[in-house]
Structure formats: structure tokens, C-alpha cells
Amino acid sequence: MYFSTGITCCKVVENFLDHSFARCRIAQLKVKYRYMVKPSEIKERIEKLRQQVDDLRYRYHVLNDPRVTDEVYEDLTKELVELEHQYPQFMSPDSPTQRVGGKVLEKFEKVKHPLPMLSLNNAFSEEDLRAWEKRTSKLLSDLQQKKLDYFCEVKLDGLSISLEYENGVFVRGSTRGDGIFGEDVTQNLKTIQSIPLRIKDKRKIEVRGECVMLKSVWEKINKQNEKEGKPLFANPRNAAAGSIRQLDPKISASRKLDFFAWDIATDLPELKTHQAEHKYIQELGFRVDEYQRACKNLDEVLKFISQTEKVREKLAFGMDGVVINVNDLSLYQSLGVIGKAPRYAIAFKYPAEQATTILKNILINVGRTGALTPLAVFEPTFVAGSKISKATLHNMDQIQRLDVRIGDTVVIQKAGDVIPEVVEALVKLRNGKEKKFVMPSKCPVCGGVVEKRQIGEKAKESSTAYFCANPKCTAKNRRGMQHFANAFEIMSVGPQILDRFKEDGLISDAADLFTLKQEDISGLERFGEKSAENIIKSIQEHSKVTLPRFIYALGILHVGEQTSEDLANHFGSLKKIMAATLEDINGIENIGPVIARSIYDWFNQKENIRFVEKLIDNGVKIEVAAKPSSNKFSGKTFVITGTLDSMSRDQAKALIKQAGGKVSESVSKLTSFVVVGSDPGSKAEKAEKLGVKILGEKEFINLVK
Ligand code: ZN
């Protein structure tokens with residue numbers, strides 16, 4: 001529904017308020033507000049907007065059923081933000097605009113749970129479950145004759161969370177902690193879109209559930225961390241836990257966490273079964289496990305377990321079993337709790353596949369940032385369908401925690417698509433010949449001094465890491481050169497060719513590539529005239545890059561593509577970045593103190609300054625970011641997936657930006673177009689699912705022209 005002028009808009013303001021999916025431009029609204037002078041009218045409008053925005057959120061994030069275009073959602077949100085800004089007296093902490101408003105905290109407060117958060121006992125087999133049923137039935141038969149029925153749900157592998165509501169408003173959320181005290185992570189939980197900030201029930205209610213991270217998001221974070229030389233998360237659960245315990249809510253928000261409710265801890269007398277609780281949780285606006293099922297007896301439970309095991313790999317979230325609850329809540333009191341675990345529920349766990357093998361050695365891998373990563377080398381063995389001979393040990397902390405020694409018999413584990421990990425050293429099998437691993441004090445590649453550093457922005461999640469301090473380290477240099485060539489998209493020189501050039505003394509660093517001549521190469525053994533010509537041509541063709549690409553290519557610790565982009569956008573020129581003070585860099589949004597320090601240090605080392613100057617002297621050109629030459633794509637966001645035939649991705653990105661558009665890495669409902677080349681990834685599927693318009697390469701080129 002469109003309004004042609006602001007005046008029309010005012011005249012139909014009553015209709016407008018009642019029309020659910022009305023569209024109106026902010027400019028037109030300004031005219032309207034002059035007519036809506038009474039505070040009560042403004043307040044009512046704000047209240048209605050909040051409900052509308054929240055309803056759209058619910059449809060999208062809880063029901064997975066977007067019913068409205070992104071523009072409408074954005075427009076309504078924009079209007080709400082504007083009104084709340086103009087009339088701060090009507091601000092409210094449960095407004096949908098307040099999801100990412102929290103301040104960076106110093107630390108998390110400890111809070112006492114209204115009711116203890118119990119943990120479940122585990123069952124690993126049918127026998128375990130039968131024995132559990134026998135025990136509970138016996139306990140009950142002493143009191144009353146009762147045949148048990150059950151309610152089952154998928155056990156997602158995440159972090160248990162308690163959410164407290166008062167007067168229908170989300171007031172506090174906390175981690176399990178030790179079950180009695182948890183940490184107050186309210187503002188991070190508010191950033192999770194599937195958690196309602198308001199519910200219709202005004203009683204004091206505590207809802208519990210699992211905070212989880214998509215497997216795909218976890219993979220992305222690990223890839224990014226690997227690029228930037230940061231430690232990796234062993235599984236999505238660790239990544240979710242790390243994200244919810246961020247002191248800066250903006251970081252939590254960026255991790256796209258999700259929440260599945262599994263219990264109402266509060267005793268609501270009208271709810272007689274666990275099944276009824278689940279139904280009510282859904283009515284209150286929470287997302288629940290979609291496979292949940294009531295089972296009449298244990299045989300049905302076993303059937304449920306084997307059926308869910310089949311869908312396990314397909315789930316977007318990690319899951320490690322099934323929770324079986326006695327359905328009748330009136331029995332909970334009589335069944336009671338032993339220790340910290342209730343008798344009325346049990347977790348059936350799918351075994352993560354494990355195997356034992358001998359740890360033959362621990363090698364050190366030196367990354368391009370100089371980080372030393374210990375790598376376990378095993379006697380090859382099969383786990384979960386794949387042959388495993390190596391696994392990362394992540395860092396020294398991990399080796400110490402596991403007390404794993406060279407020569408140990410170790411248990412390795414692989415769960416689904418999670419990377420293999422060492423879970424335990426079988427110490428009783430030791431014969432005394434095992435050797436403790438010591439982090440070398442000299443770089444295994446160049447012999448340079450190894451430095452110990454704390455990494456991670458905050459003390460709580462930081463870990464000790466070791467770095468080769470030699471700026472000329474050949475491992476760093478070699479990896480750094482590969483990274484450089486990839487960043488410049490000089491595809492004709494792979495790692496072997498770079499090694500060869502170096503061995504033959506043609507180059508000492510990446511800057512030397514740009515002064516190579518055809519005759520330098522064609523003289524080498526196994527290089528013909530033709531290949532020499534191609535290599536030189538591709539180096540010359542790619543000697544011109546954008547500023548973000550240039551920065552990214554330098555391989556500065558912690559500086560990935562996004563940070564490079566942020567730096568370029570903020571400073572605008574290489575000169576300004578090189579002259580920036582630590583405070584300047586610290587002041588950039590999204591750049592924390594550790595990253596800022598790393599950038600500042602890099603640009604203030606003589607060797608690095610010389611390297612940058614050498615690149616420029618040798619003919620590398622930094623393209624000045626073109627001001628958008630048109631605004632054809634203004635407000636439009638593009639995602640590119642697959643390989644384009646007629647241009648590189650960077651060229652495509654540049655074309656989009658020149659026309660005023662934005663380029664994003666991931667597909668969401670906010671994406672306007674997905675450009676699909678050959679061999680597209682999962683982004684194309686996702687676009688289809690979300691109904692985002694898909695463009696082939698030809699269509700894209702036509703659109704640009
Ligand atoms: Zn080194």
C-alpha cells in the first residue's frame with residue numbers, strides 16, 4: 001500500500017494504523033507527526049509499531065515463515081527508532097529496538113537461579129534406558145500403580161540458559177554455571193532474535209532452553225580465525241559458549257545464535273504434562289525442537305531415538321542425543337532428585353565415535369602470522385568413516401589440560417562433521433618411555449626466538465599462544481608470500497613456483513615478483529618461454545589492487561578481509577593508515593584493542609615500512625576507491641557465489657559498489673540479489689529457500705550495464 005503524498009497519509013492515519021502491512025516513507029511520516037500532537041497518540045503509535053515489528057520477527061525467526069518484504073520490516077523499524085529517539089519518555093527496555101543496545105561490560109554478574117538448574121543423567125544404550133524405567137516404576141509402584149508414558153525431544157548440543165520473565169517482560173537471562181549460581185548474560189541473550197522480549201503471560205515465569213550456534217556459522221568463524229592466526233573452536237557448542245560470554249554484546253549479535261526452549265521451570269498449576277508445557281512454551285512465542293514427540297511407552301521411545309539418529313547429520317545445529325521426560329508432571333515430586341540429577345528425565349546420548357591410537361609425535365606448524373600450532377600425528381586409524389592421522393591440538397593449554405605425551409595411547413573422537421580431536425590420554429597404559437611435549441624456544445623453521453603471548457581480547461577467554469618473533473622467518477615468509485599472491489589474485493604462481501623462485505634467488509620477498517622479467521624465468525629448468533610469458537603477464541595484470549586488498553595482502557596478524565575493509569574505509573589512504581596513532585586505530589568500530597595493537601605495531605616496524613615502500617617502488621598501484629558513479633543499486637545488497645567466467649569476484653564487487661550497491665558475504669532476507677556463477681555453494685540454495693532473486697552471470701552483466 002503506497003501513499004502518494006504526505007497529506008493523503010495524514011488524512012488516512014486512522015486506516016493506516018489499522019493496516020498491518022502498510023508502507024510509508026519516513027519523510028511522509030514527518031508531515032504526519034505534526035498532526036499527531038497528543039503524547040497519547042504518539043505513545044499508541046509506538047506501542048503498535050513495537051507489536052508489529054515483534055510479530056514480523058516472530059514469524060521470521062521462530063516460525064521460519066517470513067510474511068512480509070524486508071523493506072516493510074526495515075521501514076517500520078526505522079520509524080520506531082525515530083519515534084523513540086524523538087520521544088525518549090516512551091522508551092522501554094523490551095522494545096525490539098533494544099536488542100543490540102547494551103554497553104560493553106567489565107565482567108558478568110553472578111546471579112542465583114530461582115530454582116536450581118539440574119543436569120541430566122546419561123544413558124548410552126537400550127539396557128540403560130530399561131534399567132532407568134525399572135527404577136522409576138519401582139519407586140512409583142511403592143506409592144501408586146502407574147504406567148509411565150514419556151515425552152521425547154532432540155537434545156541440541158549447546159549451552160543451557162535460564163530466561164526470567166516478570167509482568168510479561170524479559171528481565172534476566174543467565175548461564176547454568178554450577179546449577180545454583182550462573183552468570184548474568186541478559187544483554188547478549190537479547191540479541192538472539194528467537195528469544196521474545198515480551199510474552200503474554202504476566203506471571204513470574206522462568207523458561208529454560210538451549211543456546212546454539214549453526215554449524216555453518218561455526219565453520220565460518222573457524223575459517224576466519226585460521227586466516228587471522230587465532231585459536232579455533234573445537235565444536236559449535238564451544239563457539240556458542242564463547243559467543244554468549246562476550247562482554248561486548250555486538251560480538252554476540254554478530255554470531256547469529258539461536259535459542260530452543262525445552263522447559264518451563266516455574267510450576268504452572270494448569271499444566272499437567274511435559275507435553276502441555278511444550279505446547280504452552282510455543283504459545284508464548286518460543287522456538288522448540290520440531291521433532292518432539294509424546295511416546296506411550298519405552299518401545300516408542302527407542303523408535304524415536306533411532307529415527308532421530310537418521311536426521312542427525314542433516315540438522316543445521318549440532319545434536320548429541322535425545323532427552324526423555326516422564327510426561328506426567330504430578331509424578332516429579334515423588335520421583336525427586338538424586339544429587340544434581342532428577343529421576344524423572346534422562347538424556348540418551350549418541351556415542352561420538354571414538355577410537356584409540358598411538359600418538360607418534362607432536363609437530364609444530366608455523367602459520368603466516370608466525371603462530372606455532374601443535375599438531376598431533378597418530379598411527380592412522382578409522383573413526384566415523386574417515387581415516388585419521390592428524391589432529392590439531394589447538395594450543396599449549398590444551399596439551400597441558402589433557403596431559404598428553406608423545407608415545408601415549410590416546411582416545412580420539414570424531415562426531416559427525418566436527419574436526420577430530422584428542423579427548424584423553426590413557427595414562428594407565430604408559431610404560432615410562434613417553435615424552436612430555438615442550439614448546440620449542442626456537443622456531444622449528446627458521447631458528448628464530450619464540451615469544452609467548454596472551455591472545456584473545458578479554459582475559460577470560462584468552463589463551464597462551466607462541467609466535468616466532470623473527471620478522472624474516474622463512475615459514476612466515478613462505479606462507480606470507482602465498483597469502484600475498486592469493487590476495488593479489490596472481491593465480492599463475494602457486495606455492496611450488498614461489499619456492500622455486502626463492503631457491504633460485506630470483507625473489508626474496510613478494511615485492512620482488514613485480515620486477516621479474518620473462519628471461520629470468522625462461523632460463524630456469526622446466527620453465528618454457530610460454531609459461532614464463534604467462535607468469536609475467538598475470539603478475540603485471542594484477543599489480544593494481546584496491547586499498548582493502550592491499551592491506552589484506554600484507555598478512556598482518558588478526559587482519560582479515562573485513563578488518564582490511566574497515567581500515568580502508570576509515571582512513572581512505574595507505575598514507576593515513578601508516579601515519580595513524582594507536583588511539584586512531586582503537587577508535588574504529590569493530591576493531592578491538594588487541595587487533596589495533598597488532599596493526600599499529602606492524603606499520604611501525606622498519607622492515608614492514610621498507611616492504612610497503614618496495615612494493616610501491618616496484619610498480620604496485622593502489623586503486624583509488626571510485627566514488628559510486630551511479631546510484632542505480634543504491635540500497636541493494638548483492639551476494640556473489642561460484643565462479644564468474646568474464647570477471648573475477650573482485651571486479652564484480654567493484655562494479656556493484658560503483659553503482660552504489662553493497663556486497664555481503666552471506667545470504668539473508670536482507671539480500672536483494674544473489675549472483676550465481678559456476679559451481680555455486682550453499683548460498684544459492686539458501687537464496688532459493690528465502691526467495692531472494694537469483695541472477696545468472698549474463699543477467700548480472702545486463703543489469704550492471
Ligand atoms: Zn620462524
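The following legends describe close-up views of a predicted model. Local features require pLDDT of at least 70 and side-chain atom pairs count only at pLDDT 80 or more, whereas totals for chains, interfaces and linings use all residues. Residues are numbered from 1 along each chain as its sequence is written, and side-chain values use heavy atoms, with hydrogens and water left out.

View A. The SG atoms of Cys443, Cys446, Cys468 and Cys473 coordinate the zinc ion at 2.2 to 2.4 Å. Donors are N, O and S atoms within 2.8 Å of the metal (3.2 Å for Na, K and Ca); water is not among the atoms, so sites may look incomplete. The arrangement is tetrahedral because the 4 donor atoms subtend angles of 99 to 121°; four donors count as tetrahedral if all angles lie between 85 and 135 degrees. The donor residues follow the sequence spacing C-x2-C-x21-C-x4-C.

View B. Cys443 is buried, its relative accessible area being 4%, while Cys446 is partly exposed at 27%. Buried means under 20% relative accessible area, exposed over 50%, and partly exposed in between (1.4 Å probe, protein chains only).

View C. Strands (E, at least two residues) are DSSP runs, numbered from the N terminus. In strand 7 (residues 205–212), 8 of the 8 residues are buried, so this strand is largely enclosed by the rest of the structure. Two strands pair if DSSP finds at least two bridges between them. Strand 4 (residues 159–166) runs antiparallel to strand 7, joined by 7 bridges, and Ser162 stands opposite Arg208 in strand 7. Strand 8 (residues 258–264) is also antiparallel to strand 7, through 6 bridges; Val207 has Ile264 in strand 8 as its bridge partner.

Notes:
Tetrahedral: all angles 85-135°; square planar, octahedral: opposite > 155°, others 65-115°. Helix = DSSP H or I, 4+ residues; strand = E, 2+ residues; numbered from the N terminus.
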